[in-house]
Amino acid sequence: MIGKKILEQLNIIKQCRKYSLSVWQCPQFLFLIMGIIIIVSSLLTYAIGNRYIEDPLLVALIVIAISIVLLIIATTITRNFEVLAETNRMKSEFVSIVSHQLRSPLSNLKWVIEILMSGKVCPVAEKQTEYFRILKENSKRMDELVSDLLTVSRIEQGRLPLQKEKTSFKDLVEKIIKETEILAKASNVEVEFNPVDSLPEIVFDPSQVKLVVTNLLENAIRYAKAKGNVKIGLKKKNSKLYFEVKDNGVGIPEKDQKYIFQRFFRSENAKKRQTEGSGLGLYIAKSIVEKSGGKIGFSSRENKGSTFWFTLPIK
């Protein structure tokens, strides 16, 4: 039993997978590297000491002292890394479990609201219908937040699946524009789509990339100014498909731009304009695009508007 535990600890790849970290972020691998550095340092110290110090006992003591100090430093650093990695793993698991547990009651709540609103159970007064609409809207927001938290949890654990297939990215964009028509009309924003002709079909995960496009488009609509305009472009650029969403909205303050793809971050002017929002959408978008082999970026000027873009490989 003890031998099995020791073997598990020595299996660096397995330990790295446990924490969902890359090898160069994994505490066990870093400890191995530091161990090699300690051995090399000890040999160098011995070689130098042996050359300049006549007493072999003094050389040995110096080598042992330096090795012990380096070993203590390496152990302390690695242990702290391990604690951080374990805390991060537990946090991701906690978010995943809570999100899963919230999904069922939320689905039931949505179902009950739909039934009550339909009037099949009992007649519904106009005022009651208004209350049900508020409940429905809030349950929808909670459902979106839970979905975002689940996606973030999967990304952090390296378990975000990509089910790629060859399909038309242009058709996907047109479908998403149609789905956001109500939001655009309610926000008094005009959406223009200007793709170039003869775009090739590409291999990507439509369900995941749909999250990216929807997020960028909804952000552009929500943060556009009154009677705003959102322009969507799609073209071939080198060996990539280049997609962009341009709005004439509030823009992003320069001091906030470096944080824009971080989890839970929302710029101050965005919070003033839209109190809703988890600050997870752009983090999820960046993770999906990069996992799909593309790049994502933006340019923005406060009170002038923003242009968000991303690329996807054609082959």
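Start with Lys 136: at 36% relative accessibility it counts as partly exposed, meaning between the buried limit (under 20% relative accessible area) and the exposed one (over 50%), with a 1.4 Å probe and protein chains only. Before you click on, note that this is a predicted model, where local features need pLDDT of at least 70, side-chain atom pairs count only at pLDDT 80 or more, and totals for chains, interfaces and linings use all residues. Residues are numbered from 1 along each chain as its sequence is written, and side-chain values use heavy atoms, leaving out hydrogens and water.

Glu 114 sits in helix α4 (residues 56–118) and Lys 136 in helix α5 (residues 126–156), so the pair ties together parts 22 residues apart in sequence. Helices here are DSSP runs of H or I, at least four residues, and strands are runs of E, at least two, numbered from the N terminus.

Next, select Arg 263 and Glu 156: their salt bridge has its closest N and O atoms 2.0 Å apart. Arg 263 is in the loop between β5 (240–247) and α9 (268–273), while Glu 156 is in helix α5, 107 residues apart. Glu 156 counts as buried, at 16% relative accessibility.

Last stop: Thr 180, in the loop between α6 (169–179) and α7 (181–186). Buried or exposed? Thr 180 is buried, at 5% relative accessibility.

Key
A salt bridge is a side-chain nitrogen of Lys or Arg within 4 Å of a carboxyl oxygen of Asp or Glu.
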